[in-house]
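User: I have a model open and want to learn how to read it. Please take me through some features, with the general idea before the case.

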Amino acid sequence: MANQRRREPSAAPRAVGRVTGRVRTGPVKGRVAPIEQAPTEVTRLGDEPRPVFADPTGGRRRRLRHVAYAAGLLVLAVLLAFWLSQLSGGAP
Amino acid sequence: MAVYRGVRTTEPDVTTGRLPALRRRRSVLRAAVALALLLLLANMLLVEAYLRNDFAPDSSAQAEQSTSAVPSDVRTGGPIIDLSGARPVSYQAPAHTIVLTFDDGPDRRWTPQVLDVLRRHDAHATFFMIGSQVVRNAALSRRVVAEGNEVGVHTFTHPLVSAVPAWLRHLEHSATQSTIAYRTGRSTTLYRPPYSSTADAVGNGDLATLRETARQGYVTVLNDLDSDDWRRPGVETIVRHATPANGAGAIVLMHDAGGDRSQTVAALDLLIPRLQQRGYRFVTVSQALAGRIRAANPPAGFFPASRGWAMVSMVRIADLTLRLLWWSLFAAGVLVVARTVALVVVAVRHARRRRRPGPGWGPPVTEAVSIIVPAFNEAATIGPAVRSLALSAHPGGVEVVVVDDASTDGTADVVRKLGLSNVRVIRQPSGGKATALNTGVAFARHDLIVMVDADTVVEPDAVHRLLQPFADPAVGAVSGNVKVGNRHGLLGTWQHIEYVVGFNLDRRLYDTAGCICTVPGALGAFRRQALIDAGGLRVDTLAEDTDLTIAVQRAGWRVVFEDSARAWTEAPTGLRQLWRQRYRWSFGTMQALWKHRRAVVEHGRSGRFGRRTLLLVVPFSVLLPLLAPLFDIMAVYGLFFLDSSAAAIGWLSMLAVQIVTAAVAFRLDQESWRPLWTLPLQQVFYRQLMYLVLLHSALTAVAGRRLHWQKMRRTGEVRVPAH
């Protein structure tokens, strides 16, 4: 990594990462002509990386939802049953 | 900092959202689940609070009550009262019979001693137990019954029964009944109300509750002789109080819990043999009244025992919950103290080191620089932002590359109209902020690259100062000092405080430790080579700045903080905007940290960075915010149910720590202390809001929902203040 970093910086800027659109520019002399008028076209990229945590099928979400509903209902039922039962006792 | 959105595609996975009925039903269900969990926590806390509510001793003064409605049979009759029939029936202990009764136990220390004395003299007694004590002393309760003694109900927590509502009274009795059933296998028909005394003291108010307990199936047992042992009057006095006159029988009141009972134990050891010599026998209530009342402790049925099991489990879980909360609170407190000490010490030293006159980073960096401004519909703010950038004072010259991500509000025209020769506008098809930045990097002519948000105005020398750390060839990226430009209103002030603390304390600490996790999109500088090593900006997280910063460091570059490079950004002014911004930040940060999780176990620089982050950033920036609401929960809980002054002191000392920390940060940044008066308010509103955001984004992450960039409404009011 260290020797890579010391590499000579080249004069021509390079594209890094993912760029949508391909750009052709001519040699630049003096003041730069507005580059936004350079002819550009849209290129289709291959697979975009899937966003971190994303779950496209929605299966994880569905499971989580069901588990949460079940747990919530269980908690409510247990609490209700507990307090009702505690209120129901008397001496034999 | 910009909240920015380039892509406006509909999410394929939320199409069900278009069905309003389903969505409504889901949100109701979701609220129900949240409510259930809150109820559970509240239930545990309330159970615990109710159990811990210390009862006053038997001595508490009772108001004199009218006795007009009390039947004379009751007032003049014996202390054992059965009100279940049409006519009240009272029973007296037969002559030469002592029924010893012990209230308030079982007690871990004194009940065994009382039982030992009883066993030594072959005497039996009746124990009126407190339910909450039975829960916590299982073996002792069993021993009381196993040694031939009787047990009765003395309520669950010893309240003044005539003062509590009927349902609660019922609960107090039935919970005690079932707990005794579970612990000893016996049910009981005996009942003694707390703070009771002799039959002739029964007032109109007591009568109603006595009738009620009779309907529940209990026989009420009052007393003839009060030993007054709770006053600790001396052994002989207790013996005298407990000795009946002329060979009469008596129900004697004593206590086996509620304080030092050594006098009671010693008095028993004198009283029993003394009276036995006079022909007295020491028996239980139902032995004394054999044939006249039912057996007091028949075996318990399945249902009362199960109810007892449920109650014991509930109390155990509540105990556990509270203990867990206290431990978490303790952990949070330790974290806060550690963070405060580390922040203040490290940040002050960091600031001194930076301000020291001298060569600083090395020879001045004067290379030309490219400034990239990604913009999507920023017409309101981009004018001043680009002008401030283009007019930056930097010897090598600056070029500004505005990447217009398919704006629809004429952002590009606004920039063009500025007529600045060193500004270029590049339009790209809609692609998002990361893509726009990549485009900008591709078009940038120079190898030092500064990235600035379109809503951020920089000071004239900010760009030059930001580049100075590049004199060190190991530095790959520099973070600027971002300040809130619109500080009016409470929200603006709170964000201002947050930014100043975040940049001047946290960032200095992380800088010193070498684990800055975010070079803010609002103002940051990169070497082109560092960007290439990091693989450019990625589109798979929402916090592309955090993602990039981590990648740059994992590639082996240093990332530093330059506090003198100041930029003024526009903070969200509305709650909804703020929520969205923070939601995206915290979700994006989670994504970035998770994405780079392997760094923790890697070798070399990447691994060192990963482990430093895990040790420093995760406890302080992830764990602590998650534990923070405990301070509020426990403060409220303590205020109402525990020691309120201790709770208040605890909470206020937390506030004091926050104020001191913030004051140090403001001093380091040469800011006025005036906004700090809003800190107490911030503690009771803003912090909780941030916590909810954190929770929301964590849930989104777990559920795997896809989050998109959202555009923020802008006012374009931020200017660099005159110094």
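User: Is Ala393(B) buried or exposed?
Analyst: The general idea is a neighbour count: a residue is buried if 20 or more other C-beta atoms lie within 10 Å of its own, exposed if 12 or fewer, and partly exposed in between, with C-beta atoms placed from the backbone. Ala393(B) has 12 C-beta neighbours inside 10 Å, so Ala393(B) counts as exposed. This is a predicted model, where local features need pLDDT of at least 70, side-chain atom pairs count only at pLDDT 80 or more, and totals for chains, interfaces and linings use all residues. Residues are numbered from 1 along each chain as its sequence is written, while chains are lettered from A and ligands numbered from 1 in the order in which they are written.

User: Where is Ala393(B) placed, and which residues does Ala393(B) touch?
Analyst: Helices (H or I, at least four residues) and strands (E, at least two) are DSSP runs, numbered from the N terminus. Ala393(B) sits in the loop between helix H12 (379-390) and strand E12 (398-404) of chain B. Two residues are in contact if their C-beta atoms, placed from the backbone, lie within 7 Å. Leaving out residues up to four places away in sequence, Ala393(B) touches Pro460(B), Asp461(B) and His464(B). From Ala393(B) to His124(B) there are 269 residues in sequence and 97 Å in space, C-alpha to C-alpha.

User: Why does Lys433(B) count as buried?
Analyst: The neighbour count is used again. Lys433(B) counts as buried because it has 27 C-beta neighbours inside 10 Å. Lys433(B) belongs to helix H14 (residues 433-443) of chain B. Val373(B) is 60 residues apart from Lys433(B) along the chain, and their C-alpha atoms are separated by 9.9 Å.

User: What do chain A and chain B contain in secondary structure?
Analyst: Chain A has 2 helices and 2 strands, in the order α-β-β-α from the N terminus on. Chain B has 24 helices and 18 strands. Of the 92 residues of chain A, 13% count as buried; in chain B, buried residues make up 49% of 723.

User: What is the radius of gyration of chain B?
Analyst: The radius of gyration is taken over C-alpha atoms, and the globule rule is 2.2 Å times the number of residues to the power 0.38. Chain B has 37 Å, whereas a compact globule of 723 residues would have a value near 27 Å. The C-alpha trace of chain B spans about 120 × 60 × 50 Å along its principal axes. Of the contacts in chain B between residues at least 6 apart in sequence, 82% join residues at least 24 apart.

User: How are two packed helices described?
Analyst: Two packed helices are described by the angle between their axes and the distance between the axes. Axes are lines fitted to C-alpha atoms, for helices over the stretch in contact, and angles run from 0 to 180 degrees between N-to-C directions. Angles under 35 degrees count as roughly parallel, over 145 as roughly antiparallel, 65 to 115 as roughly perpendicular and the rest as oblique. In chain B, helix H11 (residues 302-355) and helix H20 (residues 604-627) pack at about 140°, with their axes 10 Å apart. H11(B) and H20(B) are therefore oblique to each other. On the H11(B) side the contact is made by residues including Ala331(B) and Leu335(B), and on the H20(B) side by residues including Phe620(B) and Leu624(B).

User: At what angle do H2(A) and H11(B) pack?
Analyst: Helix H2 (residues 59-87) of chain A packs against H11(B) at an angle of about 125°, with the axes 10 Å apart. H2(A) and H11(B) are therefore oblique to each other. Phe82(A), Ser85(A) and Gln86(A) in H2(A) meet Arg307(B), Ala310(B), Met311(B) and Met314(B) in H11(B).

User: Which backbone angles deserve a look?
Analyst: His96(B) has a positive phi of about 55° although it is not a glycine. His96(B) is in the loop between strand E2 (89-91) and E3 of chain B. Asp104(B), also not a glycine, has a positive phi of about 75°, and Asp104(B) lies in strand E3 of chain B. The peptide bond from Gly105(B) to Pro106(B) is cis, with omega near -5°.
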